[in-house]
Amino acid sequence: MNKATAIAHSNLAFVKYWGKIDHTLNLPSNSSISMNLSGAQTTTTVEFDDTFPADEVRIAGQPASAKSAARIAKHLDLIRATAGIDLHAHVATENNFPESAGIASSASGFAALTLAAAAALGLNFSERQLSILARRGSGSACRSIPSGFVEWIAGTDSETSYAASIAAPDHWNLVDIAVIVSTEAKSVSSSLGHKLAEHSDFWDARQAILPARLDRVRQAILDRDFHIFGREIEQEALSMHAVALTSAYEQEGRWNSGVYYLAPDTLELLIHVQRWRAEGLPVYFTLDAGPTVHLITTGSNQQAVIDAVKTAQSSRPWNLLISDPAPGAYLVSDSGAKG
Ligand code: PMV
């Protein structure tokens, strides 16, 4: 078999990866903890053949842009070099969620690509090896290889920086209600954000609290302690954004005081969350490098949180993407069944 199809879910970080010690190898400055998202998945088929004259990449049935095709080819080169082969590949990939949703498609994308390419070449990699390879494509992709609730151990070099499962998807019925308040492309990519982060005045303070925060978030997941968990992740999201907001940079000759990923509606929702909690609704938020607000609650409160969002939304064009904890990356047969 020289062809394989894999599915991987995107993931949402509760303790964020923000800053790298190596920008080529994607070695993070700190460990991070995430949950795979059932509502956001990528399906990727990779086929190698000695008759293919070049790599060919299709995204949602269309030829990929030169930039996306080059990034995918570079990742295939890494896998080809690991396998010691130089066959070209055809790659067909699609997401079941819109690119504008503010959910990292690079995480699910590079996890699915890594697993499909390795399987198509008959490479029997361990979960750890797959996670290391996926990390090279996009840092957070390493967390989409293992199942459920996942920790990316920062490590000190490429071989020691990988993700592993902390708990299975059915361990805890957490729900992520992603409120997509804006579909504008972000002005600062996460790769630039990672580079700027260590120049923030608050960088050292953030690094100092992270080891204890990682321990508390991991333990709260294991204990299913929603309120300890919620307080930690909400403060953590604000800590990452405090660093971003104070990461000054110059772009096209213009000075910016910081990286503003938040939109006005983002802030409005964060304030609503405080009020909803005061009114007895168990809900906390987290944020990624964008304006989407991720409302975290438990299964039994999902509808009440959706109702609260709908009331706050009024006539604004917010969209919701709802996810439960999802499995890690897996192979599917051509019939679509789990392989
Ligand atoms: O994997 P990247 O380079 O897109 O970085 C992801 C950064 C955050 O989403 C903001 C945090 C995280 O841990 O996923």
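Predicted model: local features only at pLDDT ≥ 70, side-chain atom pairs only at ≥ 80, totals over all residues.

You can find Ala60 in the loop between β5 and β6 (62-63). Its backbone deserves a look as well: Ala60 is not a glycine, yet its phi is positive, about 50°. Most residues other than glycine have a negative phi.

Ser314 gives us another example of this kind. It sits in the loop between α8 (302-313) and β15 (319-323). Ser314 is not a glycine either, and its phi is positive at about 55°. With a relative accessible area of 60%, Ser314 is exposed.

Now step back to the whole protein. It contains eight helices and 16 strands. Along the principal axes, its C-alpha trace spans about 65 × 45 × 40 Å. The radius of gyration is 20 Å, which agrees with the value near 20 Å that a compact globule of 339 residues would have. Buried residues account for 53% of the 339 residues. If we take contacts between residues at least 6 apart in sequence, 73% of them join residues at least 24 apart.

Next, follow helix α1, which covers residues 66-83. Its 18 residues reach 25 Å from the first C-alpha to the last, close to the 26 Å expected. Several residues of α1 are buried, among them Ile72, Leu76 and Ile79, and also His75 and Arg80. What covers the buried residues of α1? The cover includes the strands β4 (32-49), β5 (56-59) and β7 (88-95), together with the helices α2 (105-120) and α3 (127-137). After α1 comes Gly84, which has a positive phi near 70°.

Helix α3, part of that cover, has buried residues of its own. These are Leu130, Ser131, Ile132, Leu133, Ala134, Arg135 and Gly137. They pack against α1 and α2, and also against the strands β3 (27-28), β8 (149-153) and β9 (162-167).

Is Arg206 buried or exposed? It is buried, because its relative accessible area is 3% and buried means under 20%. Leaving aside neighbours within four places in sequence, Arg206 is in contact with Lys16, Trp18, Glu236, Ser239, Met240 and Val243.

Our last stop is helix α6, residues 226-245, where you will find Gly230. Gly230 counts as buried, with a relative accessibility of 0%. How far apart are the C-alpha atoms of Gly230 and Val217? They are separated by 8.8 Å, while the two residues are 13 residues apart along the chain.

Conventions:
Residues numbered from 1 in each chain as written. Heavy atoms only, no water. Helix = DSSP H or I, 4+ residues; strand = E, 2+ residues; numbered from the N terminus. Rg over C-alpha atoms; globule rule 2.2 N^0.38 Å. Buried < 20%, exposed > 50% of the residue type's maximum accessible area, 1.4 Å probe, protein only. Contact = heavy atoms within 4.5 Å. Expected span 1.5 Å × (residues − 1).
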